[in-house]
Amino acid sequence: MEMNQTWNQYVVKKGNKSIVLEKIIESSPISRADIAQQTGLNKGTVSSLVSELLDEQLIYESGPGESSGGRRPVMLLFNQVAGYSIGIDLGVNYLLGILVDLQGNIVTETKINYNQLTYQEIESKLFEVVDQLTASAPPSPYGIVGIGVGVPGTVNNHGEVMLAPNLGWKNVHLKSILERKYDIPITIVNEANAGAYGEKRFGAGLKYDNIVYISAGIGIGVGLILDGKLYTGSQGFSGELGHMTIQVDGKKCRCGNEGCWELYASEQALLNQAKELGLTDGKECQLDDLIELAKDGDKQAIELFQKVGDYLGVGINNVINIFNPEQIVIGNQLAATKEWILDPLNERITINTLWYQQNGIDIHFSKLGIYPAALGVSALSSENFLNVDLEKKAIEV
């Protein structure tokens with residue numbers, strides 16, 4: 001009885017049509033009768049809402065399914081190519097754009113590498129990538145349903161980039177800029193939050209409800225999935241743990257603080273130290289160059305990775321003590337250095353983390369390569385369009 005009451009309250013809050021679409025997305029192919037049985041909605045309501053969804057081309061019918069006696073039912077499937085969304089991972093030194101269908105399958109992608117560009121130059125490249133992806137979209141009933149952008153900085157709930165120190169941005173109204181240009185729904189979120197959501201929906205976090213995603217690139221960002229939901233804080237500012245102090249009276253950070261975690265455990269920290277050691281003969285140092293050196297057995301390169309792994313462990317220890325997560329996922333550029341950073345990272349956690357916190361924590365590296373943030377923010381755009389919540393629900397029916 002209590003379960004039915006809770007489910008009925010959920011149905012009222014959610015909206016019947018959204019519930020039906022969500023069930024079809026989740027269980028496709030599914031019959032009308034099974035939708036009614038699994039949602040608690042009456043058959044007439046389900047039939048009426050299914051007709052609307054068919055008219056809207058968000059679902060389609062296939063041939064009869066398995067029969068449990070009597071006439072075989074017509075099955076309903078989600079039309080994942082009814083529209084497409086664009087997901088952009090706007091990095092400090094790269095811009096990755098993907099075009100995905102409504103199920104998150106990548107149709108087209110494009111990546112641009114750059115270095116120390118002005119806001120105007122990055123904006124121009126952003127428009128170029130969006131235009132290119134839009135032009136590549138297959139014909140569909142709804143076309144491009146939304147654009148999502150993950151930004152390495154603090155983003156408020158209105159899509160304004162308050163501060164992105166590694167880009168040199170402050171108070172950039174990115175959402176309204178893109179809305180004016182494209183006149184479609186825009187979603188702007190912190191890149192680490194987008195990455196956390198990407199891992200939860202498509203990657204290493206599928207089976208976990210309390211996840212801390214560490215985006216270790218030029219800087220460090222942290223995204224949080226708490227109780228199965230993306231947590232962004234009251235104003236959208238959560239996860240700025242790359243700027244927590246791990247070294248008192250340490251190096252000065254571009255954010256204004258001293259001794260920030262990202263000054264010691266990021267891709268930029270690695271590149272700075274490699275340059276000081278002259279590992280690349282005065283050439284502009286890239287992460288790929290250091291990875292090649294380490295693969296060839298270069299002791300200095302390997303020691304640099306190990307040192308960064310140790311510092312990553314210092315910060316992760318703090319994260320574990322604060323959030324008591326089930327899973328830590330390390331993503332972005334440093335995920336490619338797992339071979340050298342994992343052991344020192346684990347050693348640091350074993351030494352520093354409270355003994356009772358160490359049980360039940362899984363530390364994984366992203367399985368999505370360069371895509372977590374772009375996939376996460378494109379999924380948020382698609383869900384905004386569909387008005388469904390594809391995150392794990394608290395109530396399983």
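I take buried to mean under 20% relative accessible area, exposed over 50%, and partly exposed in between, with a 1.4 Å probe and protein chains only. With that in hand I looked up Asp 209, which is partly exposed at a relative accessible area of 24%.

**Ground rules**

The model is predicted, so I note that local features need pLDDT of at least 70 and side-chain atom pairs count only at pLDDT 80 or more, while totals for chains, interfaces and linings use all residues. Residues are numbered from 1 along each chain as its sequence is written, and side-chain values use heavy atoms, with hydrogens and water left out.

**Entry: salt bridges**

I count a salt bridge where a side-chain nitrogen of Lys or Arg is within 4 Å of a carboxyl oxygen of Asp or Glu. My search of the whole structure gave seven salt bridges.

I began with Asp 209. Its side chain meets that of Lys 200 in a salt bridge, at 3.5 Å from N to O. Lys 200 is buried, at 6% relative accessibility.

Next I looked at Glu 383 and Arg 201. They form a salt bridge, and their closest N and O atoms are 3.0 Å apart. Glu 383 lies in helix H14 (residues 372–386) and Arg 201 in helix H7 (residues 191–202), so this pair links distant parts of the chain, 182 residues apart. Here a helix is a DSSP run of H or I with at least four residues, a strand is a run of E with at least two, and both are numbered from the N terminus. Glu 383 is buried at 7% relative accessibility. Arg 201 is buried too, with a relative accessible area of 17%.

Then I turned to Arg 348 and Asp 310. Their salt bridge has its closest N and O atoms 2.8 Å apart. It also links distant parts of the chain: Arg 348 is in helix H12 (residues 338–352), Asp 310 in helix H11 (residues 299–323), and 38 residues separate them. Arg 348 counts as partly exposed at 24% relative accessibility. Asp 310 is partly exposed as well, with a relative accessible area of 21%. I also noted one network, in which salt bridges that share partners join Lys 17, Glu 52 and Glu 56.

**Entry: rings**

I pair rings of Phe, Tyr and Trp (its six-membered ring) if their centres lie within 6.5 Å; planes under 30 degrees apart are stacked, over 60 edge-to-face, and the rest tilted. The whole structure holds five aromatic pairs. I picked Phe 127 and Tyr 182, whose ring centres are 6.1 Å apart and whose planes stand at 75 degrees, so the pair is edge-to-face. Phe 127 is in helix H5 (residues 119–136) and Tyr 182 in helix H6 (residues 174–182), so the pair ties together parts 55 residues apart in sequence. Phe 127 is buried at 16% relative accessibility. Tyr 182 is buried with a relative accessible area of 17%.

I then checked for charges over these rings, meaning NZ of Lys or CZ of Arg within 6 Å of the ring centre and within 35 degrees of the ring normal. The charged end of Lys 181 sits over the ring of Phe 127, 4.8 Å from its centre. That charged end of Lys 181 also sits over the ring of Tyr 182, 5.7 Å from its centre.

**Entry: strand S4**

I found strand S4 (residues 84–90) mostly covered, with seven of its seven residues buried. Tyr 84, Ile 86, Ile 88 and Leu 90 point one way, and Ser 85, Gly 87 and Asp 89 point the other way.

I call two strands paired if DSSP finds at least two bridges between them. S4 runs antiparallel to strand S5 (residues 94–101), joined by seven bridges. A hairpin of three residues connects S4 to S5. Tyr 84 has Asp 101 as its bridge partner in S5. S4 runs parallel to strand S7 (residues 144–151), joined by six bridges. Ile 86 stands opposite Ile 147 in S7.

**Entry: Thr 187**

I placed Thr 187 in strand S11 (residues 186–190). Thr 187 is buried at 13% relative accessibility. Taking contact as heavy atoms within 4.5 Å, and leaving aside neighbours within four places in sequence, I list Ile 147, Gly 148, Val 149, Val 377, Leu 380, Ser 381 and Asn 384 as touching Thr 187.
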